[in-house]
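Visitor: I have the sequence and the coordinates open side by side. Could you walk me through them, one question at a time?

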Amino acid sequence: MIAQTPPAQLTPAVPDAARAHVQDLGTFVTASPSSYHAAAEVARRAEAAGFARLAEDAAWDVTPGGRYVVVRDGSVVAFTVPDAAGPTTGFTILGAHTDSTGFKLKPKPTTHGAGGWWQAGVEVYGGPLLNSWLDRELELAGRIVTLDGTEHLVRTGPMLRIPQLAIHLDRGVNDNGLTLDKQRHTQPVWGLGDAESADVLAALAADAGVDPATIGGYDVVLADTQPGRAFGAGQALFASARLDNLLSAHAGLTALLGRATTDGAGGSIEMLAAFDHEEIGSASRSGAAGPFLEDVLVRISTALGATAEQRAQAYAASLHVSSDVGHAVHPNYAERHDPANHPVAGGGPILKINANQRYATDAHGAAAWTVACATAGVPTQEFVSNNVLPCGSTIGPISAARLGIRTVDVGVPILSMHSARELTAVVDPWYLARAMGAVLAR
């Protein structure tokens, strides 16, 4: 009889540093059920590392050698200023986004369904794979603003579930496919009883410790509550909610905080910029199409004494690495991918290329990324779409068009993009963070 090799030995060993990285990524995702929580978690970690918090409604005292972080709604910018920074010092920006596709709580959110079920009224946010949200324990998370203007982050913990119809009541579902009506079939249940007793806002108010009558507004989403975990042969796979795109935000933050230990010795102003609303087009005051990043760049350059001419020079010397997850080749649908360019899980971060500028990568950006990966000792691979299946887009082209800063689009290959729970290789987020660190050190 031929001896069988245990499955774990068939998979290349995963470095301990990669395991530690995804463990921390899981912690980051758990702390970030909404874009507002994600921005707050970035700021919390940055402040713990010695970054000073800046308020947009106050004057900024930005000086060479300093480290700073600023939050606007669900977006955050953290940056370090080198000791030798001057009016023409360029920026090296790691871009990402904080929001994920899913569902958002509607006005008048408490509804009473058939059979005495309490339900919550939700609106589809972005382009989620609707079926992936069925039969999961979900929570409400986001922010409420009381009538006095005070903002409170809220999260309920497991509270809701979108129940699937039993096969006995839909005998043809496995043959005909599951079709969900976005209004009728996606409203979650969260309790039982008479209609007068149900109150979703009361649950949010209780979490914030405020009177429900004082809630003046809210931005609240549904979030999957299952924590991320490594699994598979050799524990080489990692599944989690919201990898799109908290994976990139976490990698960028890890790289920035790692570089901050160099005590201002860098040659450029090093920055993480993580934006809200990418999944719905970025056109908001805190999205990549809005003024947030430009406002921050202008205030930094002004603090360094730059004229408009010198600011233009600084932008010309700058680089933006826009990172968002991309598609690994799906083993059950390999024909959906480009036949020559097959990004594989575990093969390192991807360089995103599109002839129609859905990604902002050009030859100079590609060269800069290739050098960074080589410097970091990280493998890299290219992604381009099958011509009959146009790709999505990212914040890269949006910020490049707004600011004129050279931009390159990159990411990590995953499966199940826009699912409630996505899948990557354990090594790839770690590879991405290392490559980002090399970009900052350019």
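Visitor: Which residue forms a salt bridge with Asp295?

Guide: Happy to start there, with a word on the ground rules. This is a predicted model, so local features need pLDDT of at least 70 and side-chain atom pairs count only at pLDDT 80 or more, while totals for chains, interfaces and linings use all residues. Residues are numbered from 1 along each chain as its sequence is written, and side-chain values use heavy atoms, with hydrogens and water left out. A salt bridge here is a side-chain nitrogen of Lys or Arg within 4 Å of a carboxyl oxygen of Asp or Glu; for Asp295 the closest N and O atoms are 2.9 Å apart, and the partner is Arg72.

Visitor: How many residues apart in sequence are the parts that this pair ties together?

Guide: Helices (H or I, at least four residues) and strands (E, at least two) are DSSP runs, numbered from the N terminus. Asp295 lies in helix H7 and Arg72 in strand E2 (residues 67-72), so the pair ties together parts whose separation in sequence is 223 residues.

Visitor: Is Arg72 buried or exposed?

Guide: Buried means under 20% relative accessible area, exposed over 50%, and partly exposed in between, with a 1.4 Å probe and protein chains only. Asp295 has 29% and is partly exposed. Arg72 has a relative accessible area of 7%, so Arg72 is buried.

Visitor: Where do Glu41 and Arg44 both lie?

Guide: These two form a salt bridge as well, with their closest N and O atoms 2.9 Å apart. Glu41 is buried at 9% relative accessible area, whereas Arg44 is partly exposed at 46%. They are 3 residues apart, about one turn of the helix, and that helix is H3 (residues 35-48).

Visitor: What is the N to O distance between Asp181 and Arg184?

Guide: Asp181 counts as partly exposed at 29% relative accessibility, and Arg184 counts as exposed at 61%. Their side chains meet in a salt bridge with an N to O distance of 3.8 Å.

Visitor: How many salt bridges does the count come to?

Guide: Some of them are linked: Asp73, Lys104, Arg143, Glu151, Asp219 and Arg285 belong to a network of salt bridges. By the rule given above, the count comes to 20.

Visitor: Which residue in the hairpin of E2 and E3 takes a positive phi?

Guide: Two strands pair if DSSP finds at least two bridges between them. E2 and E3 pair in the antiparallel sense over 6 bridges, with Tyr68 having Phe79 as its bridge partner in E3. The hairpin has 2 residues between the strands, and the residue with a phi near 55° is Asp73.

Visitor: How many of the residues of E3 are buried?

Guide: Ser75, Val77 and Phe79 point one way from E3, and Val76, Ala78 and Thr80 point the other way. E3 also pairs with strand E13 (residues 269-275), antiparallel over 5 bridges, and there the partner of Thr80 is Glu270. Strand E3 (residues 75-80) is mostly covered, and its buried residues number 6 of 6.

Visitor: Which residue in E12 does Arg229 stand opposite?

Guide: E11 and strand E12 (residues 237-240) run antiparallel and are joined by 3 bridges. Opposite Arg229 stands Ala239.

Visitor: What is the volume of the largest pocket?

Guide: On a 1 Å grid over the protein atoms alone, a cavity is a set of points where a 1.4 Å probe fits but cannot get out, and a pocket is an open set with protein on both sides within 12 Å along at least five of seven lines; lining residues have an atom within 4 Å of a point. The largest pocket is lined by 37 residues, of which Gly326, His327, Ser416, Met417 and His418 lie nearest its centre. Grid points are joined across faces, edges and corners, and a volume is the space filled by probe spheres set on the points; for this pocket that volume is about 900 Å³.
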